[in-house]
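Reader: I'd like to go through this one label by label. Could you tell me what stands behind each term as we go?

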Amino acid sequence: MSVRAEQLQRAAWTRASAPQTIGLVGIALGFLALWLALPPFGVRTAPAPVAVGILAAAAGIWAISRGKVRVGGGAIVIGLVGIAGALLAMRASSSNLEGVFVWSALLAATLRFATPLTFAAIGGMFSERSGVVNIGLEGMMLMGAFFGAYGADQTGSWVGGIFIGMLSGALLALVHAIFTISLRADQIVTGTAINFLALGVTGYLYNQHYGNNGTPNNLPAIPDVNIKFLSHIPPHGLGNFLYNSIGQLNLMVWLSLLLLPVSYVVMFKTPVGLRIRSVGEHPRAADTLGISVYRTRYGAVILSGALAALGGVFLSIGFLNSFTENLTAGRGFIALAALIFGGWRPFGAFAAALLFGFSSALALRLPDLSASSSAAWPVLFQTLPYVLTLIAVAGVIGRSIPPAAIGRPYIKQ
Amino acid sequence: MVDEAPVLELRGITKRFPGVVANDHVDFDLRRGEVHALLGENGAGKSTLVNVLYGLYHPDEGSILVKGEPIRLHSPKDAIKHGIGMVHQHFMLIPVMTVAENIVLATEPTQGGVLLDYRAANKRVAELSSSFNFAIDPGARVESISVGQQQRVEILKALYRHADILILDEPTAVLTPQEARELFAILKTLTSQGMSVIFITHKLNEVLELADRITVLRRGNRIDTVDRQGATEQGLARMMVGRDVLLRVDKGAPSVAEPLLSIDDLHVIDERGLEAVRGVSFEVRSGEIVGLAGVDGNGQSELIDAISGLQRVSSGTVKLGGRDVTGVNPSSILDLGLGHIPEDRQLRGLVLEFSLAENLALHDFDKPPDSRWGWLFPRQLVRRARDLLKRYDVRGGGPQTRAAALSGGNQQKVVLAREIGRGPSVLIAAQPTRGLDVGAIEFVHRQLVEARDNGKAVLLVSLELDEILSLSDRVLVVYEGRIVAEHGPDVGEEQLGIEMTGGGREVAA
Ligand SMILES: Nc1ncnc2c1ncn2[C@@H]1O[C@H](COP(=O)(O)OP(=O)(O)O)[C@@H](O)[C@H]1O
Ligand SMILES: [Mg+2]
């Protein structure tokens, strides 16, 4: 046996480790190729970025030849995209480039775009780790967005908005729980129905209450956190960068960052988390030890609805200060994707949310690059987050392993 | 040592499922410090009875007494509270979690009532495990440890909860002979410390080796409870099956002719990139059964897959009836006269969701008379199925029954019917009786001997030494991908056991 173990280890290293590392270096080089052409470097001639991009692709080819198809492929694609991006960037004027790539503003926007996704993805994590697929995140977010605005309007306070918003998400999640856990309906179908239900309910109530003029302009908003002293940190450039990127973020952004370690600890360092995961991996095993599978799943799904709703609340009264029909526009699905790419882990999901956030922020600004852009350009740029995601997922991350019992209703003996 | 007052008593337990009475007024009692075996064929109701005892099923009638007190069990939680622990037939372990996490789940030690105290959990599990000489790493993931160790984790789960009654449901079904022997030693230690054990099995030799008393179930009824002293395999088998059973295989001398399967210097790389078969050469001749003995995972599966064309051969040759079939695709190899009874009948032997008629046609459905011009003739499938099911005595369903609905023994008969029914010249039987009960084992063994007597070359791969020894005309021992020894039919079990674990290698090489 020991002979085999040794052999296995050696084989594992020579087969996997070195090419994997080289492939990852290739991916980094691909990004570097693009970055060279952007501020603050702003290289204006082709040779440097092209050389770096080709190096990236070469590393990718080598990795593929050693069996690391996924990472290698990622390096090739990112290397080529890097070259193309760099060449495109060179065609834009320097001043336009500097107008678009204001890194502090991009960072702030990235965090802002990532926040609703983070809330919803973490919510989804609780539900899915307990074994219940939650495609209804979108609907739960939408409920939170509407009832957050409505609650803030009615109570006259953003705190009221947060609570009423969370409550509405939790209630919708309860419906999901009843159908999927007690009645054992198909989780995908139920989740889809939940989304349509939310669309209908919020659409109806919105038209009923605010149909003519939209939500009032003086909706109580969740405040920004102004961290003034950041701008005084020497040197001046750094202080300014810090203040402009994280000095004026919304309270909810900070809350979402706080939620990351908290949810990590709950899921992986407490008995509650262990039980949630056990129910999602092997419900019968949990049952034979006296854990109530149903109660655990109900709790996890309801919590997931409340958290997803928080993401919606942020959208309506933390970000846009208004509600319109279908405000979430698919962000719940993107959160679900972030959750999956992140391997059903808080920080993994956050990393994926940041990627989405960054590309959304970029997509919003890219049309400014060229003065002559047609009206169709911004629409095309909207696809950037999804394209980047596809590359990241297919190229680098690979398959993440879901909880073993996900999607399967539990039938007690 | 054995105290006469029962720690546990079941009175008149009846449990009905739609269409079956799984337990029919079963009485059972367990004394302190004894191993009480529950013996019966598959489907006799053994698991049902202990599931009732563990609070998983609620009995329709009857009562349960622990230390003389009647108790009600609403859930496993109640059973645990009364000191009952159970190792399930299919392990209740979470593969991606650590040993310690699996053991402490639902009774976790905490820090300040909030955080799970991993340090304390690991420490307590390590102490518990070393007090039984288990040598299990509390931090190892369950999926990374052997099946034998997983079973110990299950036992630790019960001990951690202070169980003094331990139920083991067919614990040896998944173990190698060595692991089974170690398990018996563990159980003897536990009973000497006052633990009472209910041990479920359908293997007679185990019962006679381990049990103090034996209760036999048949079709949900308790047939009798007997002491081990005075019990015989023959007598127990009769109680189990309800008729006389042939335990020793009855076979005449082989009449061996030309080689039908020849393997020459075969090398196979497995999916992890390791060399699983490292230069194996042997022949199987017409009219003989060659047994391949070895501990699981020493290259047997890869060897069989290479012969049947399911896995790529990296070098060496496989000849079937003198013809080189190395690298030929599996269905052509089957057509050239190979029959293959795969080791996992549910995964590879049958398509569980298909009907028996479809399962029996899996090799021939694409040729006349089953089909013509891409058109399948279901009536032809049914006709053949009816004939085969009768010849191979498959019970519990007709041609249209789903394969999943049959018992294990009858499923295996369907596989035999398909593989032997085609009249192959070479038959590979991989663990053909795994998980089967005495009656079905007898049937399978008779079929294999009959195939040999009809002039087929039979290669038997089995983890059960008993089976190898009672059927084989020659025995090969495989260890780490090599044939390390060859013996005649009368080699001792001890000798094989040593060679299978690498002990006899120097001598053989
Ligand atoms: N959950 C169940 N639903 C319906 N029938 C069952 C169930 N569990 C067991 N049975 C039936 O009860 C009988 C006894 O099964 P079981 O107790 O598993 O037998 P054993 O463990 O002795 O092999 C079998 O006929 C089986 O099909
Ligand atoms: Mg059973």
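Reader: Why is B:Gln89 called partly exposed?

Author: Its relative accessibility is 30%. Buried means under 20% relative accessible area, exposed over 50%, and partly exposed in between, using a 1.4 Å probe and protein chains only. So at 30% B:Gln89 counts as partly exposed.

Reader: And what makes B:Ser47 partly exposed?

Author: B:Ser47 has 22% relative accessibility, so it counts as partly exposed.

Reader: What are the ground rules for these values?

Author: This is a predicted model, where local features need pLDDT of at least 70, side-chain atom pairs count only at pLDDT 80 or more, and totals for chains, interfaces and linings use all residues. Residues are numbered from 1 along each chain as its sequence is written, chains are lettered from A and ligands numbered from 1 in the order in which they are written, and side-chain values use heavy atoms, with hydrogens and water left out.

Reader: How do you know which residues coordinate the magnesium ion (ligand 2)?

Author: Donors are N, O and S atoms within 2.8 Å of the metal (3.2 Å for Na, K and Ca), and as water is not among the atoms, sites may look incomplete. Here the OG of B:Ser47 and the OE1 of B:Gln89 sit at 2.1 to 2.5 Å, and these coordinate the magnesium ion. B:Ser47 lies in helix H1 (residues 46-53) of chain B and B:Gln89 in the loop between strand E6 (84-87) and helix H3 (99-104) of chain B, so the pair ties together parts that are 42 residues apart in sequence. Helices (H or I, at least four residues) and strands (E, at least two) are DSSP runs, numbered from the N terminus.

Reader: What makes strand E23 (residues 474-479) and strand E24 (residues 482-487) of chain B a pair?

Author: Two strands pair if DSSP finds at least two bridges between them. E23(B) and E24(B) run antiparallel and are joined by five bridges, and B:Val477 has B:Ala485 as its bridge partner. They form a hairpin with two residues between them, and B:Glu480 in the turn has a positive phi of about 45°.

Reader: Why is B:His162 called exposed?

Author: Its relative accessible area is 67%, so B:His162 is exposed. B:His162 lies in the loop between helix H5 (147-160) and strand E9 (165-168) of chain B. Its phi is near 60°, a positive value in a residue other than glycine.

Reader: Where else does a residue other than glycine have a positive phi?

Author: A:Asn321 has a phi near 55°. The loop between helix H13 (293-320) and helix H14 (331-341) of chain A is its place. A:Asn321 counts as partly exposed because its relative accessibility is 32%.

Reader: What is the omega of the cis peptide bond between A:Pro234 and A:Pro235?

Author: Omega is about -10° for that bond. In chain B, a cis peptide bond joins B:Pro368 and B:Pro369, with omega about 5°.

Reader: How many residues are in contact between the two chains?

Author: Contact means heavy atoms within 4.5 Å. Across the chains, 34 residues of chain B are in contact with 25 residues of chain A. Buried area is the accessible area (1.4 Å probe) that two parts lose on being put together, summed over both, and for chain B and chain A that is about 2,700 Å², with 63% from carbon and sulfur atoms. On the chain B side, B:Met92, B:Leu105 and B:Leu274 lose the most area to chain A, together 19% of what that side buries.
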